[in-house]
Amino acid sequence: MKITFPYWGNYTVAFELLAKKLNLEVVPPEKTTPRTIEKGVKIAPEMYCFPLKVNLGNFLEAIEKGADTIVMPTALGGSCRLRYYAFVQDKVLKENGKNVNFVIFDQSLDIFSKLKKISGASFFKMIEATIFTLKALNIIEKLEKKAQYLRPREIEKGDTDRVLISAFRRMREIEKFSELLKFEKEIMKELNQIKIKRKKVPRVGILGEIYTVCDHVVNFEIEKKLGNLGVEVHREMSLLYHLKKKIFFKDFFIQRKIKPYLGSTVGGHGRDAIYEMLKYVKKGFDGVIQLLPSFCMPETSVRPILEKIHQETGIPFLSLSLDEQVAEAGIDTRIEAFVDVVKNYYQKKQKT
Ligand code: SF4
């Protein structure tokens, strides 16, 4: 069995480490490129949401390299079309002559029995691999957060990303938990040594669909671009945040907080988007960007509500819908124009 899975930003490294920990033979997904997207779009149902198409492109490339089993999560505690992803992808691949197996992780609690079935690992080994992976995810998110702070302040542009790129390359080789802890210390030290100007800068909150906000390829490296334009980015939505939310039933509180704007769920992370925007307003942020893939119903449904909050509060707001038709140059122009608005808003606030 040669397994593969979707590429998902820096998290891909943690998934790769998990597979290795379980002694699975893995064909890691290649970093998504325009060519990957083109391949996926060619065979995907036209009206399906964009991440499904990108995943299909990842799978086709891994199948070309020998992968025969696809590990695919469906809605882990959520409710939207992600629930049908694996089934649609399986059908589409089979229709295109790719006879691969799917191992589907869904809301049922049999994750361990499925892992055991594909890896043969003991219960103890699986627990060890899970703890190892959670720590790897934690480090990835810490590094991303640190980079969000450093980029707009670094003196030599690009220093932060140079450290990050080499860090994620090194991380792929780690095998033991103790090495992971050592790695975290070393990289944090390297990041802390980057020369920065300690200054206040405008802050922008990023919210939206989880795959799109966390995958730097699909969102055209928006965090890096904003950082290089002198803006500090904040992003609450992440994989660990999503898991913690499910464990601690946070959706119940979120629903109460957003009640004046939305009385029901709309699926996906639609409610979170409203909740996060209200939080960014309360914390005095200088702008909010919503990232959504085309055909994403939850995010499309809440977009008018986010617009309403923008009109009520005056906080600059930009909604970017992303798919295969979107050109990076167009996104760059919109981001640059938005940053000008954010900086004006920030300066006006400083004067009052
Ligand atoms: S959140 Fe949106 S884009 Fe993501 S799977 Fe659900 S419907 Fe599709």
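This is a predicted model: local features need pLDDT of at least 70, side-chain atom pairs count only at pLDDT 80 or more; totals for chains, interfaces and linings use all residues.
The phi angle of F295 is near 70°, a positive value in a residue other than glycine. Most residues other than glycine have a negative phi. F295 has 19 other C-beta atoms within 10 Å, so F295 is partly exposed.

N23, which is not a glycine either, has a positive phi near 55°. You will find N23 in the loop that links helix 1 (11-21) to strand 2. N23 is exposed because 12 other C-beta atoms lie within 10 Å of its own.

Now step back to the chain as a whole. The domain assignment gives domain 1 (2-119), domain 2 (130-150 + 154-198) and domain 3 (200-352). Where domain 2 meets domain 3, the contact takes 7 residues from domain 2 and 10 residues from domain 3. On the domain 2 side, helix 6 supplies the largest share, 5 residues. By class, that side of domain 2 has 2 nonpolar, 2 polar and 3 charged residues. The centres of these two domains, taken over C-alpha atoms, are 24 Å apart.

Where does the ligand lie? Domain 1 (2-119) and domain 3 (200-352) both give residues to the shell around the ligand, so the ligand lies between them. The shell is made up of C49, P51, C80, R81, L82, E209, Y211, G268, P293, C296, M297 and P298. Sorted by class, the shell residues are 9 nonpolar, 1 polar and 2 charged.

Next, look for an open sheet of 4 strands, which are ordered 2-1-3-4 and paired in parallel. At the edges are strand 2 (25-26) and strand 4 (101-105), each pairing on one side only. Strand 1 (residues 2-4) pairs with strand 3 (residues 69-73) in the parallel sense over 2 bridges, and here I3 has T69 as its bridge partner in strand 3. Strand 3 also runs parallel to strand 4, with 5 bridges joining the two. There, I70 has F102 in strand 4 as its bridge partner.

V100 sits in the loop between helix 4 (82-95) and strand 4. Leaving aside neighbours within four places in sequence, V100 is in contact with I63, D68, T69, I70 and L93; T69 is the bridge partner of I3, and I70 is that of F102. Is V100 buried or partly exposed? With 18 C-beta neighbours inside 10 Å, V100 counts as partly exposed, because a residue needs 20 or more to be buried. From V100 to N10 is 90 residues in sequence and 25 Å in space, C-alpha to C-alpha.

Finally, turn to the interior. In soluble globular proteins, nonpolar side chains tend to be buried together. The largest nonpolar core here has 79 residues, and those with the most contacts inside it are A14, I140, V204, I206, V288 and L291. Helix 6 (residues 123-150) gives the most to this core, with 9 residues. Which residues does A14 touch? Not counting residues up to four places away in sequence, A14 touches T133, A136, L137 and I140. Of these, I140 is also among the core residues with the most contacts.

Terms used: Residues are numbered from 1 along each chain as its sequence is written. A residue is near a molecule or strand if its C-beta atom, placed from the backbone, lies within 6 Å of it. Ala, Val, Leu, Ile, Met, Phe, Trp, Tyr, Cys and Pro count as nonpolar, Asp, Glu, Lys and Arg as charged, and the others, Gly among them, as polar. Domain bounds come from an automatic or database domain assignment. Two strands pair if DSSP finds at least two bridges between them. A nonpolar core is a set of buried Ala, Val, Leu, Ile, Met, Phe, Trp, Tyr and Cys residues joined through C-beta atoms within 7 Å. Two residues are in contact if their C-beta atoms, placed from the backbone, lie within 7 Å.
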